[in-house]
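Subject: Structure handover

Hello,

Here is the structure for you to look over. My notes follow it.

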Amino acid sequence: MVSIPGPSTIPDRVLNAMHRPMPNIYQGELVDIAFEMLDRLPAIARTTTAHPFITVSNGHGAWQMAINNTLSRGDRVLVLETGNFAKNWGQMAATSGVIVEALEADWRSPVDLEAFSERLEADTEKGIKAILVVLTDTATSVRNDIKAIGEVLQAADHPALLMVDCIASLCCDVYEMDAWGVDVTVAGSQKGLMVPPGLGFVWAGPRALTAYETADLRTGYFDWEPRRTPDLMYKIFAGTPPIQHLYGLKEALNMMDEEGGLEKIWRRHEILAGAIHAAIAAWSSPGGLDFNIIEPAARSHAVTTVLCNDIDATELRRRAEESAGLVLGLGIANMGNAFRIGHMGHLNPPHVLGTLGTIEATLHSMGAPIGSSGVAAAAASLAPHF
Ligand SMILES: *Cc1c(COP(=O)(O)O)cnc(C)c1O
């Protein structure tokens, strides 16, 4: 079993929907599904005004598509650097020809809104063209308050585009593209969306589509124009469609509808994240391990990064996999001695309790200093919802 922050567990229904021979790609069901996906994608980003684009790529391709279609060589962008993914998106922008400035942080907290506001005020010429930020940074497991970030931009009357990487936690953490004033949303298929890696998504709001008109980083493959008003399905994908992935995506969206929509799915993630956080809080009392994100309200509902002190995280991960077949996420970038639990997408209490029970057994096997039972704390936290 994998409990890593992507690729997440793929439901059997999605896998089965993908298992099929090559269909007619010129007309019929596949073509209908491709256009149906364009109709259904805006709802999961909570937008009625943005156009959805699909790239046949991982999330990095969606990052690239967002940059190339909105910015020009020499533009200045500000990256709100609350972790490794925001930083890497900024680096991609820099190698694409944009001047990147960073609002740095300690990687244990969300964006400092006051510092952000000061940075915008200092930009008296209003030369910053875009703000790059992540909803949930998968390295640190911080969840940024995108609504508040949008409000700061508005209060400063600053015209920068707000571009948000939701790759880790779209359909896990609450996200409202239109209501929060977001111009560009970026996501990928393999995390909250429960589809194997291979699709990237970019939702471009009206201001982003206006920025496109003058963006000189536009490149052939990623260019929005031919993909935007396609007379042929082929143009949506700038080539052969990702056939299996489209069938898988349709099935995943159907499953989300059957579950009762985004509010229900967000709530499920909140409850399951609550169980995981309760377990970590219980284990952490003797100080052997700790949450990376200090402020409880800023902890993601899709992934949790656990810092280890006396406990060897590499050994913990090795033992959990060798003894029980549980794959945990490793600590990436400068997170050091850490591990991560992915809790995104196709997830239920048995999955979460199994993961936590396996971690607890592994911690016991290592003689690690843990306080009370994390599994008991998780079960108690779930009980009121049963
Ligand atoms: C996974 C992830 C990415 C990278 O996605 P790939 O599909 O690996 O390219 C970028 N940003 C965030 C927040 C992620 O979680």
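Which residues of S14 are buried on one side, and which on the other? Ala338, Arg340 and Gly342 are buried on one side, Phe339 and Ile341 on the other, so both faces are covered. Buried means under 20% relative accessible area, exposed over 50%, partly exposed in between (1.4 Å probe, protein chains only). In a regular strand the side chains alternate between the two faces of the sheet. With 5 of its 5 residues buried, S14 is largely enclosed by the rest of the structure.

First, the ground rules. This is a predicted model: local features need pLDDT of at least 70, side-chain atom pairs count only at pLDDT 80 or more, and totals for chains, interfaces and linings use all residues. Residues are numbered from 1 along each chain as its sequence is written, and side-chain values use heavy atoms, without hydrogens or water.

The sheet. It is open, with 5 strands in the order S1-S13-S14-S12-S11 and mixed pairing. Strands are DSSP runs of E (at least two residues) and helices of H or I (at least four), numbered from the N terminus. Two strands pair if DSSP finds at least two bridges between them. S1 (2–3) and S11 (289–291) stand at the edges; each has a single partner strand, so one side of each lacks a neighbour in the sheet. S1 pairs with S13 (residues 327–330) in the parallel sense over 2 bridges. There, Ser3 has Leu328 as its bridge partner. S13 and S14 run antiparallel, joined by 2 bridges; Gly329 partners Arg340. S12 and S14 are antiparallel too, over 5 bridges, with Val303 opposite Gly342.

Thr305. This residue lies in strand S12 (residues 303–308). Thr305 is buried, at a relative accessible area of 0%. Its side chain reaches the backbone oxygen of Thr140 at 3.4 Å. That is a polar contact (N or O atoms within 3.5 Å; within protein, one able to donate a hydrogen and the other to accept it; residues adjacent in sequence count only if both atoms are side-chain atoms).

The cores. A nonpolar core is a set of buried Ala, Val, Leu, Ile, Met, Phe, Trp, Tyr and Cys residues joined through side-chain atoms within 4.5 Å. The largest has 59 residues; Phe116, Ile131, Ile146, Tyr175 and Trp203 touch the most other members. Domain 1 (12–257) and domain 2 (262–385) both contribute, so this core lies between them. The domain bounds come from an automatic or database assignment. A second, separate core of 34 residues includes Met92, Met163, Phe222 and Ile332.

Best regards
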